[in-house]
Amino acid sequence: MRDKGRLPRSYMLWLAGILVSLAGNSVFYFALGWAASEHGGTVAGLTLSAITLPRVLLLLIGGAVSDRFSARRVLITGDAAMLVFSLILAAVAYHLGAPPLLLITAGIAVGVVDAFYLPASGAMPRRLVEKEQLPRALSLRQIGGQVVNMGGGPLGGVLVGLAGLAGAALVNAVTFALTLIVLVAVRPRHHVPPSGPSSLIKDAIDGVRVAFSHPVLRPGLCLTGAAAGLLLPVLPLLLPLLARQEQWGAGATGLMTGAQGVGMVAVTAVVVKRGPMGRPGLLSASALALAGLGVLALAPGVAVATTAALVIGVGNGMFSAHIAPLILTATPASHLSRVQAVLVLVQSLALLLMNNLLGTLADLEGPTVVTAACATMLVGVGLLGLASGPLRRDRTGLAPRADSVNAANA
């Protein structure tokens, strides 16, 4: 009898390939940003925008393409394209260095491929594991991603110091090659029928329609957008501003950031080991409110702020570990990649808008006021999420209740 708790070997193999690719991307993004910074802030900003703009513009089309031609084919195509591009970039950078035009071109290439790759990658777990295994599968992916991201910056710094942009591009090419081998070897366990014949624009619009008309997906996406716009900017943007205002110092600020990471990883690890902690919609909304309370407690002093950062991490980890499998499971099989595209788009737009807005407001009103406003809105959004019956009652990843089983057997 197959162990229902054990994740399939095909998923673990795919996850290993994705994490290898993520490690290469982390190194490459650091190298790209570092090379761009040599030419000044304008070029650095243009390089980052060259990644973000095509990604945002093409995400919905990317999701439609993945649903029509299969996520696995899109991932294989994207890896092959980036393998070739990385090799060409390494050769050009070796001979020419890192002129602005080359950096911006590299950013555009990354953004275009990401627009197709991210929705396909987000949909793959549903094709590789059983629905009840999704919370553990996605939590394991989240932990792996956090570990890779923590090491990507330092590794990128060492590599750029030794071999520059050309070396980083070459390492990225190697990781794409390894991931490509994995994707060719992995076969989805669950067949998903392709979308019917229609234009890609109509398919993309239909993905948005399904996402925002579904009784669980709609509030789930709204919670995700609120988390991206009000929670994610707190530590990288508002915390340093608070620290300078309160004169905490870089060491204390780093300790708070670490405490948040500890809280997030601890909760995610529990979900990996034991599965979901309860009803995912109920916990996701409650987690946002909990994180909001943590944000509200950031200012009084170093000890209190460090504890508050730990609470933020617990809330963030609980939210991430439950909302992602909820959205993926609630999505109709015919729209998996398109809804993932909407999810990434909601997160990207919220983060892009709020990073700029919160930074400007912090200059005008001070970081304490803006942090308190974020906290209040997070708590409010969490309470609004609890008011949604379909979201609150959803039992994704949980064993069927005894009364439901008895009714089904009657």
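This is a predicted model: local features need pLDDT of at least 70, side-chain atom pairs count only at pLDDT 80 or more; totals for chains, interfaces and linings use all residues.
Trainee: Why is the contact between R55 and D114 called a salt bridge?

Mentor: The side chains of R55 and D114 meet at 2.7 Å, N to O, and because a salt bridge asks for a side-chain nitrogen of Lys or Arg within 4 Å of a carboxyl oxygen of Asp or Glu, the pair qualifies. R55 lies in helix α2 (residues 41-69) and D114 in helix α4 (residues 100-128), so this pair ties together parts that are 59 residues apart in sequence.

Trainee: What makes the pair R68 and D203 a link between parts of the chain?

Mentor: Their side chains meet in a salt bridge of 2.8 Å, N to O. Since R68 belongs to helix α2 and D203 to helix α6 (residues 200-213), the pair ties together parts that are 135 residues apart in sequence.

Trainee: How do you know whether D203 is buried or exposed?

Mentor: The relative accessibility of D203 is 5%, and because buried means under 20%, D203 counts as buried. R68, at 22%, is partly exposed, because that value falls between the 20% and 50% cut-offs.

Trainee: Why is R209 called partly exposed?

Mentor: Its relative accessible area is 49%, and exposed means over 50%, so R209 is partly exposed. R209 forms a salt bridge with D206 (2.7 Å, N to O), and both lie in helix α6, three residues apart, about one turn of the helix.

Key:
Residues are numbered from 1 along each chain as its sequence is written. Side-chain values use heavy atoms; hydrogens and water are left out. Helices (H or I, at least four residues) and strands (E, at least two) are DSSP runs, numbered from the N terminus. Buried means under 20% relative accessible area, exposed over 50%, partly exposed in between (1.4 Å probe, protein chains only).
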